[in-house]
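Please read them alongside the sequence and the coordinates.

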Amino acid sequence: GETKYDSCPYTSRYVELTVSDYSKWISVFGPQRSSFQAHGLVEPAIGREMENDKKVILMNYVEDITKAKEYEKSTEQAGMLKSANAISSTPTYLDVIMDDTSTLDLKDRFVMIGHVKDFDIWKKGFETEGIATRKANGFYERLIAHGVDDPNNVTVIFAVTDIAKAK
């Protein structure tokens, strides 16, 4: 499909959950998805790890970072996690600088999270390496972001075009 970029930059929230039972978690979490907006968050995209179905990844657009961070500490959030038998990692708030929202028939994703000495130097190296090199190795970037609180924390989400090459 045609490459399409959402309005960047924007702020996003990335969080990993460990669930004992995905069906139970989604039955508790699902009805509460629409309540996120009251907490400065837009309904999340939900993903699961390929090799561990107990690991769930949520990614939200953030409309109000103050409300979103308050929600993380709320009894409402704690109660939902407890009733869904889920454990949450500390959310990471990201400044998204590139988001390819074009439609792809690829479902597998690889999330790269790391800390670099200087984001701008890293980004220049990433751009120099080039999309063609990553595509030749089974990756197609979908999102590039850096931390709101620490811009040297980098997150890149790739669609996996060829699992054998990507490994």
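This is a predicted model: local features need pLDDT of at least 70, side-chain atom pairs count only at pLDDT 80 or more; totals for chains, interfaces and linings use all residues.

1. The serine in question, S12, belongs to strand β1, which spans residues 10-19. With a relative accessibility of 2%, S12 counts as buried, because the cut-off for that class is under 20%.

2. As to what surrounds this side chain, a polar atom of the S12 side chain lies 2.8 Å from the backbone oxygen of N60. Once neighbours within four places in sequence are left aside, the residues in contact with S12 are M59, N60, Y61 and V62, together with T92, Y93, L94 and V96.

3. Strand β5 covers residues 92-99 and runs antiparallel to β7, to which 5 bridges join it. Within β7, the residue that stands opposite D95 is H146.

4. Strand β7 itself, residues 139-147, has 9 of its 9 residues buried, and it is therefore largely enclosed by the rest of the structure.

5. Strand β7 is also joined by 7 bridges to strand β8, residues 153-160, and these two strands likewise run antiparallel.

6. Taken together, β7 is antiparallel both to β5 and to β8, while S12 in β1 has T92, Y93, L94 and V96 among its contacts.

Technical notes:
Residues are numbered from 1 along each chain as its sequence is written. Side-chain values use heavy atoms; hydrogens and water are left out. Helices (H or I, at least four residues) and strands (E, at least two) are DSSP runs, numbered from the N terminus. Buried means under 20% relative accessible area, exposed over 50%, partly exposed in between (1.4 Å probe, protein chains only). A polar contact is a pair of N or O atoms within 3.5 Å; within protein, one must be able to donate a hydrogen and the other to accept it, and residues adjacent in sequence count only if both atoms are side-chain atoms. Contact means heavy atoms within 4.5 Å. Two strands pair if DSSP finds at least two bridges between them.
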